[in-house]
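The sequence and the structure are shown first, and the description follows.

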Amino acid sequence: MSESELHVKIDELICEGTGYCVRIVPEVFAIGENGLGEVLQERPSSELEDQLEEASILCPTRAITY
Amino acid sequence: METIRDMQPPPHIEGIKHFIDYATVDEVLKSKDFRQGSHQESQPFFGDSLLTIDHNDHFERRRLEAPLFRKDALEYYERKELLPLITRSLEECEQNRGEDGLVRADLCLLVRNMLARISAVTTGIDGVDTEERTDAFRTYVEQLGTGATVEWSTEDHDEVIDRILSIRADFVKEFFAPSVERRCALIEQYRKGEIAEDDLPRDLLTLMYLHWNEAWDDELPLREAALYLVASSQTTTHAIPHMMMHLAEWFQAHPEDYEKRFDRDFLKRAGHETIRLHLPSPALLRIALRDVTLSDGTEISEGERVACLFTPANRDFSVFGDDAKKFDPYREVPNVKPWGFAFGGGEHTCIGRTLVTGLSARTDNDEGTDGTLVNIALSLFDAGLELDPNDHPSFTELSYHDAYGRFPVVLRNL
């Protein structure tokens with residue numbers, strides 16, 4: 001998969017700011033000033049795909065797509 | 001019959017500071033200044049399970065169990081396990097045809113049977129195959145559920161705990177121990193290189209024994225399994241009778257919508273609205289880890305227990321509108337999950353939520369599964385479900401939970 005094919009998003013409606021995504025892929029996620037998850041890199045390297053998959057499944061509210 | 005009742009606060013939260021508005025409940029659930037405070041009496045059944053551990057321990061356990069809820073796993077559970085089981089359960093109903101030629105069933109029992117095998121598959125319990133074994137297994141799960149929610153019981157709590165521990169010992173002998181034995185043997189084969197990892201079952205018990213943590217006690221898999229068995233069927237078995245009652249009332253008031261009983265999106269909305277109004281877990285207790293001052297100025301001392309009452313919070317007029325206490329499948333609520341706190345919140349959000357709502361829920365940016373509510377509702381309408389005009393539903397008297405104890409229906413197309 002080329003770099004541009006990954007497009008990371010957090011659904012703010014359901015994100016609850018647990019920060020689990022930050023623990024899995026800190027290069028891509030952070031907790032913003034509003035206490036919710038924030039995407040640092042919308043189109044990260046494809047090398048991170050496995051970690052993004054884990055973050056999306058592990059997110060308690062399933063707020064992440066990529 | 002009143003179908004939307006106010007919550008009766010159970011005795012175990014009397015005297016505890018409690019919150020009933022959406023914003024404060026949301027704040028407490030999201031806050032890292034609290035830990036789980038529910039299930040104090042039910043520790044023998046749920047102690048140290050995912051439900052009762054917090055923060056780093058919770059994260060690590062959830063990380064271990066997350067593969068059970070991958071998209072391909074959810075698709076497998078729904079298509080290969082749930083749908084055939086729904087069909088089989090309805091076929092079994094046909095054996096109970098009355099002298100008038102109509103098939104009648106208790107919807108509470110029927111849905112519990114449908115969910116029994118899916119909970120066995122995700123947890124890793126073998127031998128739930130024949131009708132007789134499914135009945136036995138379902139009865140055990142119901143009893144484990146009684147123990148796990150003993151705080152809500154209207155019976156003597158110590159007696160309930162003793163009784164259910166004895167029943168659990170029988171469950172271990174009959175179902176749990178043989179299932180663990182088979183998985184441990186397979187894991188041994190895998191470690192010797194005799195089978196591939198893909199040949200191992202994809203279930204909770206296999207994951208736990210494959211990735212055993214020396215800090216765990218020997219009974220932890222039993223308590224974790226009890227949580228999965230009870231929780232994976234509880235939301236749906238609780239919600240379906242309420243959903244059918246609300247839809248019967250809705251179709252009576254809105255006959256133009258009757259054909260929508262086969263419309264997946266309409267049923268999805270009806271399901272979300274049902275679990276918003278009738279929560280399987282109506283309250284959750286939290287314990288403050290330090291002195292906390294909430295946004296509304298409420299002060300909570302370190303070690304103090306507080307109760308989040310989900311039922312009134314999910315009917316908060318300021319969030320869900322002036323008609324928040326009414327069922328409306330067309331409800332649109334911006335910036336709030338349509339089911340509110342039906343699956344809790346924060347890091348303790350129910351890990352199995354997507355089993356119930358599906359991956360194509362209105363909040364998920366994904367196509368995939370429809371979940372148990374939509375699939376079961378569709379099958380019931382396909383079977384011609386109607387409320388039995390001569391035998392009315394009744395609520396359970398054994399618990400403070402907002403649950404039906406009996407829900408007689410006629411299945412006209414069987």
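## The largest nonpolar core

In this predicted model, the largest nonpolar core comprises 119 residues. Those with the most contacts inside this core are A55(A), V25(B), L107(B), L144(B), A226(B), C308(B) and F310(B). The element that gives the most to the core is helix α9 of chain B (residues 220-253), with 15 residues.

L144(B), one of the residues with the most contacts inside the core, touches several parts of chain B. Apart from its neighbours within four places in sequence, L144(B) is in contact with F45(B), I164(B), R168(B), A226(B), L229(B) and V230(B).

## Confidence of the prediction

The mean pLDDT of chain B is 91, and 97% of the residues in this chain reach 70 or more. Among the elements of chain B, the lowest mean pLDDT, 88, belongs to helix α2 (residues 43-46), whereas helix α8 (residues 204-210) has the highest, 97. For the model, ipTM is 0.89 and pTM is 0.89.

## Packing of α5(B) against α9(B)

Helix α5 of chain B (residues 107-123) packs with α9(B) at an angle of about 150 degrees, and the two axes lie 9 Å apart. Because angles over 145 degrees count as roughly antiparallel, α5(B) is roughly antiparallel to α9(B). The crossing in which α5(B) passes α9(B) is right-handed.

On the α5(B) side, the residues that meet α9(B) are L107(B), C108(B), V111(B), R112(B), L115(B), A116(B), I118(B), S119(B), T122(B) and T123(B). Their counterparts in α9(B) are A225(B), Y228(B), L229(B), S232(B), S233(B), T236(B), T237(B), I240(B), P241(B) and M244(B).

## Buried residues of α2(A)

In chain A, helix α2 (residues 49-58) has L52(A), A55(A), S56(A), I57(A) and L58(A) as its buried residues. One of them, A55(A), is also listed among the residues with the most contacts inside the largest nonpolar core.

The cover over the buried residues of α2(A) includes α1 (20-24), β2 (29-31) and β4 (64-65) of chain A. It also includes α3 (55-65) of chain B.

L277(B) is located in helix α10 of chain B (residues 264-277). Since 27 other C-beta atoms lie within 10 Å, L277(B) is buried.

Leaving aside neighbours within four places in sequence, L277(B) is in contact with I4(B), N314(B) and F327(B). The C-alpha atoms of L277(B) and F310(B) are separated by 9.4 Å, while the two residues are 33 residues apart along the chain.

Key
Residues numbered from 1 in each chain as written. Chains lettered and ligands numbered in written order. Predicted model: local features only at pLDDT ≥ 70, side-chain atom pairs only at ≥ 80, totals over all residues. Core = buried A, V, L, I, M, F, W, Y, C linked by C-beta atoms within 7 Å. Buried ≥ 20, exposed ≤ 12 C-beta atoms within 10 Å, placed from the backbone. Helix = DSSP H or I, 4+ residues; strand = E, 2+ residues; numbered from the N terminus. Contact = placed C-beta atoms within 7 Å. pLDDT = per-residue confidence, 0-100. Axes fitted to C-alpha atoms, helices over the stretch in contact; angles between N-to-C directions. Parallel < 35°, antiparallel > 145°, perpendicular 65-115°, else oblique. Left-handed = near helix turned anticlockwise from the far one by under 90°.
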